[in-house]
Every structure is written in structure tokens, then in C-alpha cells.
Amino acid sequence: MENFPVINLEKLNGEERGATMEKIKDACENWGFFELLNHGISHELMDAVERLTKEHYKKCMEQRFKQLMASKGLEGVQAEVHDMDWESTFHLRHLPYSNISEIPDLQDDYRKIMKEFAVKLEKLAEELLELLDENLGLEKGYLKKAVCGTKGPSFGTKVSNYPPCPKPELIKGLRAHTDAGGIILLFQDDKVSGLQLLKDGHWIDVPPMRHSIVINLGDQLEVITNGKYKSVLHRVIAQTDGNRMSIASFYNPGSDAVIYPAPALVEKEVDDEEKHHVYPKFVFDDYMKLYAGLKFQAKEPRFEAMRATGGLGPIPTA
């Protein structure tokens with residue numbers, strides 16, 4: 001099996017820029033995932049985020065999770081479970097406004113460090129979108145503008161822990177799905193694995209690497225690139241030992257953003273007489289309402305449902 005794509009962002013600054021951009025392009029077109037090293041977020045900040053996240057889980061979440069799983073009878077489960085995940089989570093919102101001050105049980109130093117981390121991740125997400133603009137032949141800033149809506153993008157973080165599971169063959173840490181939004185930035189445990197993506201019919205491990213940020217593309221980037229880049233099915237396998245930390249930050253369209261294929265990319269498709277392959281045009285919030293009930297199902301019917309309920313007018317072409 002070919003190697004999972006790992007990109008050293010520092011190489012963008014030297015003579016290897018062309019080769020590095022090509023690696024990013026290949027990862028976007030053929031994997032939907034890649035792992036970043038030397039991404040500009042300090043190791044000290046990442047270490048603090050990891051330490052405080054693990055402390056918070058131990059202090060505030062672990063016992064609650066055990067009680068929840070016991071109440072649902074999952075510890076003694078005998079048959080495969082299809083409607084639950086073996087994960088402990090909470091959510092932070094950063095944009096268009098922050099809710100970090102409202103989340104109960106967070107220590108002040110944890111709130112402060114997660115705010116700081118979110119600012120760095122937002123900057124990294126926007127830098128990556130510009131690199132994707134360049135690789136797609138779009139004007140600089142196109143993708144950021146495409147997801148903005150009237151209040152700018154949405155940006156939030158899902159903080160997860162995947163505790164040891166007595167029956168990992170019967171319950172997933174997180175069932176297979178594609179992500180609904182734009183670009184996802186994941187800071188994952190560097191010791192306990194579990195994240196897998198589907199490529200060419202095979203589940204491939206996303207390797208844990210210290211101080212890396214894993215990037216994956218969501219459904220909205222598939223639409224905006226008119227399928228040139230694809231969102232990819234991924235899942236988390238539960239483990240019998242080891243508690244896996246996962247901090248996934250989602251740089252998504254604003255709720256009222258109108259999402260549609262970039263005209264420059266549609267024109268190329270139309271030239272190839274593939275008009276029927278043009279993705280639909282819709283309001284992001286409408287997609288999210290549909291996604292909420294269909295997250296663990298195939299994405300294609302979601303796109304078709306958006307087309308059927310469209311009514312937002314024709315897709316512009318360049």
C-alpha cells in the first residue's frame with residue numbers, strides 16, 4: 001500500500017515548493033487526507049493543550065463516561081452496536097462567536113490555552129485554503145470567500161476521548177462518515193491509534209505522529225471543487241487499552257453561505273461535456289439540517305436531496 005501523505009510545510013519556503021505543492025495536490029485529489037509537520041503551531045502550545053485535555057478528561061469526563069456506558073448496557077454487549085459510538089466528547093465554538101466561557105467544568109488555564117490554540121488553527125486553515133486555491137487555479141482567497149456567508153465562516157472544535165473498550169469488535173469509537181463542512185484540522189494522540197480512512201476499498205490507518213496536524217476535506221469542498229477534491233469516509237476503531245485523545249477543529253461555511261461549484265471548475269467540466277456531473281447549489285445550513293439525521297449514511301443522496309430541494313438558480317460558469 002502506498003504511504004499515507006505527510007507534508008512538511010517548511011518546504012514551501014525553499015526550492016522544494018513545487019514538489020510540496022504537488023504532494024498537497026495529490027493528497028487532496030487521491031486521499032482526502034494528509035498529515036502536516038512544521039505547520040507553525042509551537043510544540044509547547046500543543047503539549048499544553050494535550051496535557052490539559054487529558055487532565056480534564058480524568059477529572060471531569062471519565063467517571064461520567066463509565067456511568068453512561070453502564071447505563072446503556074454497553075460494557076456487556078454481545079451483538080454489534082450500530083447506533084452508538086464509544087467516545088466521550090464536548091464541543092467548543094470559536095466563530096462567529098465563542099462559547100468557551102460558557103462551558104462548565106473547564107479550568108481557566110484550559111479555556112485560555114484552547115482559545116490560543118483555536119486562533120492558530122484558524123490561521124493555519126486559511127493558509128491551507130490559499131494553497132488549495134493555488135493548486136486549483138482559483139484566484140487567491142476564493143475558497144475563504146466561498147465559505148464566508150454574511151458573518152464569516154463557522155469554526156468549532158470537538159474534543160474527544162476514546163477510552164479502552166472491552167468489545168472493540170462490536171462497537172466503533174466513531175462510526176464511518178464523511179465530514180459535512182470545509183476543512184478539518186485534527187490534533188490526535190501520538191501513541192494510541194484508531195483513526196482510519198477508506199481508500200480503494202481498504203481501511204487505512206492514519207499514523208499517529210507527534211506534533212502533527214492531520215487535515216481532511218469535508219463535503220463542502222467537494223461541492224466547491226465540483227468533485228475534483230473528495231470528502232472521504234473515515235472512522236475510529238475502539239481499542240482494548242489506551243485512551244486516545246482527538247481534538248478536531250472544523251473550519252466550515254457560515255450558516256447562510258451559499259455553496260456551489262467554483263465557476264472556473266464548472267467551465268472545465270462543461271467543456272468536457274459533463275454537465276450532469278455539476279454539483280448542486282444550496283445554503284450550508286440547509287445541508288447541515290439534512291446531515292444531522294444522515295451523518296452515518298452515504299453523502300451522494302445528501303447531494304441529490306440538495307439538488308432536488310434547490311431552487312437557488314443556475315450554477316454560474318466562468
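Reader: Which residues does UniProt list for "domain: Fe2OG dioxygenase"?

Author: The unreviewed UniProt entry lists residues 153-253; such positions follow the numbering used here, feature names are shortened, and annotations may be inferred rather than shown by experiment. The model is predicted: local features need pLDDT of at least 70, side-chain atom pairs count only at pLDDT 80 or more, and totals for chains, interfaces and linings use all residues. Residues are numbered from 1 along each chain as its sequence is written, and side-chain values use heavy atoms, with hydrogens and water left out. The span 153-253 is 6% helix and 45% strand, where helices (H or I, at least four residues) and strands (E, at least two) are DSSP runs numbered from the N terminus.

Reader: What is the order of the strands in the open sheet of four?

Author: Strands of a sheet pair through backbone hydrogen bonds, either parallel or antiparallel. Here the order is β5-β10-β7-β8, with antiparallel pairing; two strands pair if DSSP finds at least two bridges between them. Because β5 and β8 (202-205) stand at the edges with a single partner strand each, one side of each is left without a neighbour in the sheet. Strands β7 (residues 195-199) and β10 (residues 234-236) are joined by three bridges, and Leu197 has His234 of β10 as its bridge partner.

Reader: Which residues of helix α7 (residues 284-294) are buried?

Author: Buried means under 20% relative accessible area, exposed over 50%, and partly exposed in between (1.4 Å probe, protein chains only). In α7, Phe284, Tyr287 and Tyr291 are buried. They fall within an arc of 55° seen down the axis of α7, so they line one face of the helix; the arc is that of the directions from the helix axis to the C-beta atoms. The face turned away carries the exposed residues Lys289, Ala292 and Gly293.
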